[in-house]
Amino acid sequence: MDTPYTWTVDVEHDWGGRTSGILGIRNGLPALLEIFRSHNVKALFFVSSELAFDNSACLMRIMDHGHEIGSHGHFHIRYKETFMAQQDRQISEKLLHHVTTNEALKYRAPWFQFQAEDSIYSYRN
């Protein structure tokens, strides 16, 4: 049975992937992990795999705190073509499998793009 998470967090470049900045990852993520730890909260972190290798210490910290890693695509781009979105997801999952031990990564499409039936969303229109 899947863990029922109260919180999900998207880990991507600053401003929802609109920039290449990582201040949120460097400064915000450690603070958020500490808040979750102090309140005994377990969360599901959806990571854009583009960040995975340059920021692998952050991903390890997420897992060391007992949270789950999921895929948030590779480039955090809204694709018009379904096959491009599927390829982006496959790239992300392959890269994240090098970091996490989860066999079946949960997935949240970038920009709330609902192209996959097994995606996890924050809301639907």
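This is a predicted model: local features need pLDDT of at least 70, side-chain atom pairs count only at pLDDT 80 or more; totals for chains, interfaces and linings use all residues.
**Entry 1: T100**

I started towards the end of the chain, with T100, which sits in the segment after α4. Is T100 buried or exposed? I found a relative accessibility of 5%, so T100 counts as buried, the cut-off for that being under 20%. Then I looked up what T100 touches beyond the residues up to four places away in sequence, and got M63, I69 and L105.

**Entry 2: S92**

Next I went to S92, which is part of helix α4, residues 82-96. Its relative accessibility comes out at 0%, so S92 is buried too. Which side chain does the side chain of S92 make a polar contact with? I found S71 as the partner, at 2.7 Å. Skipping residues up to four places away in sequence, I listed V47, S49, S71, H72, G73 and H74 as touching S92.

**Entry 3: the nonpolar core**

I then looked for the largest nonpolar core and found 20 residues in it. V11, F45, L59 and I62 have the most contacts inside this core. Which elements give two or more residues to it? My list reads β1 (7-11), α2 (23-38), β2 (43-47) and α3 (56-64). The largest share, four residues, comes from α2. I jotted down a general point here: in soluble globular proteins, nonpolar side chains tend to be buried together.

Leaving out its neighbours within four places in sequence, I have F45 in contact with V9, V11, L29, L32, L33, F36, I62, H67, E68, I69 and G70.

**Entry 4: α2 against α3**

How do the axes of α2 and α3 cross? I noted an angle of roughly 5°, with the axes coming within 11 Å. Angles under 35 degrees count as roughly parallel, so that is what I call α2 and α3. On the α2 side I wrote down I25, L29, P30 and L33, which meet C58, R61 and I62 of α3. Sorted by class, this contact has six nonpolar residues, no polar ones and one charged one.

**Entry 5: N40**

Last, I checked the loop between α2 and β2, where N40 lies. Is N40 buried or exposed? Its relative accessible area is 65%, so I put N40 down as exposed, the cut-off being over 50%.

Conventions
Residues are numbered from 1 along each chain as its sequence is written. Side-chain values use heavy atoms; hydrogens and water are left out. A nonpolar core is a set of buried Ala, Val, Leu, Ile, Met, Phe, Trp, Tyr and Cys residues joined through side-chain atoms within 4.5 Å. Buried means under 20% relative accessible area, exposed over 50%, partly exposed in between (1.4 Å probe, protein chains only). Contact means heavy atoms within 4.5 Å. Axes are lines fitted to C-alpha atoms, for helices over the stretch in contact, and angles run from 0 to 180 degrees between N-to-C directions. Angles under 35 degrees count as roughly parallel, over 145 as roughly antiparallel, 65 to 115 as roughly perpendicular and the rest as oblique. Ala, Val, Leu, Ile, Met, Phe, Trp, Tyr, Cys and Pro count as nonpolar, Asp, Glu, Lys and Arg as charged, and the others, Gly among them, as polar. A polar contact is a pair of N or O atoms within 3.5 Å; within protein, one must be able to donate a hydrogen and the other to accept it, and residues adjacent in sequence count only if both atoms are side-chain atoms.
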